[in-house]
Amino acid sequence: MTLASSAEHMAFDFGTETRVRIGARSYHEQPEATVTTTTDPRDVMTAVSTFRSALKTLSCERSLPSLRGHPPRIELGDELHVPDELSPPETGVRIELPPELPMIYSASTLAYYLGATVVPGDEPRLVTDRSFVHPLDHHERGYEGEIERVLAQSLFFDCVTRTEGLYRIPLHERRVIEPLLDLSFDELYELDLAEQLETYLDIPFDVVREHVPTWLLSTTVTDDIANVRSIPYLVNNLSFISSPREDERHEPAPEVPDPIDSFLRGGGSRREDRPADPGRYVAPTSTNSLERAWLGEGMPIGANKLVERAFENRLERSSSTDGIDITVVCNEPEMSAGVRRGGRTLRETGRTRVRHRRSSEPLGGRTGVGTRHPQPISSTTSVT
């Protein structure tokens, strides 16, 4: 068979008359159902355990975003309810944790990707039905650090192993790590998820650390139970999830960068003239990820602030051929003339209006700065 493709079409040449079977499916980019949980952490564990129902395969091809569907939506209620239409697969993998919200939040993405059940336990650990046990409280990385290591290493090896399956393409990472490992990837591909996971975690992370790509997104999430409603959207983006550090919570408010201070000044007021507000700014967890986000009370410095409604807006919006309405926020009248001149160009595709921002309004006013990812997340503002 010969395959030829271009930007406009794709052609298959079988050389002779051939019977062809064609299959198709749509992307699963929105929650299929809504799970109701109470504020009891054990019920939250059950709700997070339903995330695996969105996986389209349990093979290593689930490392492809198109083979991972959107986890179910979560809402708070008086009793736990899991819709009958959700059918979580049995993978033989479970995550045992003390029933505490911060620990559950941090394990959510890993549970989703591994198709794991989250259950109460005395110590955080990853367990398979084959009696394999991997502690999740590392003596150096700690609990959240080990969660991130297991997720990153599992995804990395799945990407490499899948080159033995449906997508036999040369992969740079396989070429550089294969000489370092005593592994047969063709045999590894044939194992089930739990067996593959055991093999992956038997390899010290230091062996592959430098070859694992930088993670896209890390989100610091406060322990507010209301944040559970936003967890499915973070998980959909495979975000690392961490809790605010205790030693960071009691630090003085971070210094506001000069450009932000200038934007916030309004009315000619100076920084020293404004009363201190130590609870206004927060410091997200330090990370090497490409992007950082914050979910909870407070205004983060150097990260996107996420709000639940922004995620819901993304699900509700639809494409349109109509013009767009753009609001440009000015904090000083002197800026208006330049904005109006630029607005003449914007009017060719939509409408623009200039609104003067009052000094008492929070940064962003009624508008927001969004960040787009391969699978988009939504945010209200980015402060750097």
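This is a dialogue about how to read several features of one predicted model.

Reader: Before I look at any feature, how are the residues numbered, and what kind of model is this?

Author: Residues are numbered from 1 along each chain as its sequence is written, and side-chain values use heavy atoms, with hydrogens and water left out. The model is predicted, and local features need pLDDT of at least 70, side-chain atom pairs count only at pLDDT 80 or more, while totals for chains, interfaces and linings use all residues.

Reader: What average pLDDT does the protein have, and where does pLDDT stay under 50?

Author: pLDDT is the predictor's confidence in each residue, from 0 to 100. The protein averages a pLDDT of 83, and 78% of the residues score at least 70. The value stays under 50 over residues 345–352, for which the model has 14 contacts beyond four places in sequence, a contact being heavy atoms within 4.5 Å. It also stays under 50 over residues 356–384, for which there are 77 such contacts.

Reader: How should I read a salt bridge, and how many are there?

Author: Side chains of opposite charge can pair when their charged atoms come close. The rule asks for a side-chain nitrogen of Lys or Arg within 4 Å of a carboxyl oxygen of Asp or Glu, and by this rule the count comes to 16 salt bridges. One of them joins Arg62 and Asp158, whose closest N and O atoms are 3.3 Å apart. Arg62 lies in the loop between α1 and β4 and Asp158 in helix α3, so the pair ties together parts that are 96 residues apart in sequence. Helices (H or I, at least four residues) and strands (E, at least two) are DSSP runs, numbered from the N terminus.

Reader: Is Arg62 buried or exposed?

Author: Buried means under 20% relative accessible area, exposed over 50%, and partly exposed in between, with a 1.4 Å probe and protein chains only. Arg62 counts as buried at 2% relative accessibility, and Asp158 is buried too, with a relative accessible area of 0%. Leaving out residues up to four places away in sequence, Arg62 touches several residues, including Leu55, Tyr113 and Leu193.

Reader: Which residues are linked in a network of salt bridges?

Author: Arg94, Glu96, Arg125 and Asp129 are linked in this way.

Reader: Which residues touch the most other members of the largest nonpolar core?

Author: In soluble globular proteins, nonpolar side chains tend to be buried together. A nonpolar core is a set of buried Ala, Val, Leu, Ile, Met, Phe, Trp, Tyr and Cys residues joined through side-chain atoms within 4.5 Å. Of the 70 residues in the largest core here, Ile95, Leu126 and Phe157 touch the most other members, and the largest share of this core, 10 residues, comes from α2. Beyond its neighbours within four places in sequence, Phe157 is in contact with residues among them Ile177, Leu181 and Tyr200.

Reader: Why is helix α6 described as largely enclosed?

Author: Seven of the nine residues of α6 (residues 193–201) are buried, so this helix is largely enclosed by the rest of the structure. Its buried residues, including Leu193, Leu197 and Tyr200, pack against elements including β5 (93–97), α2 (101–114) and α3 (142–161).
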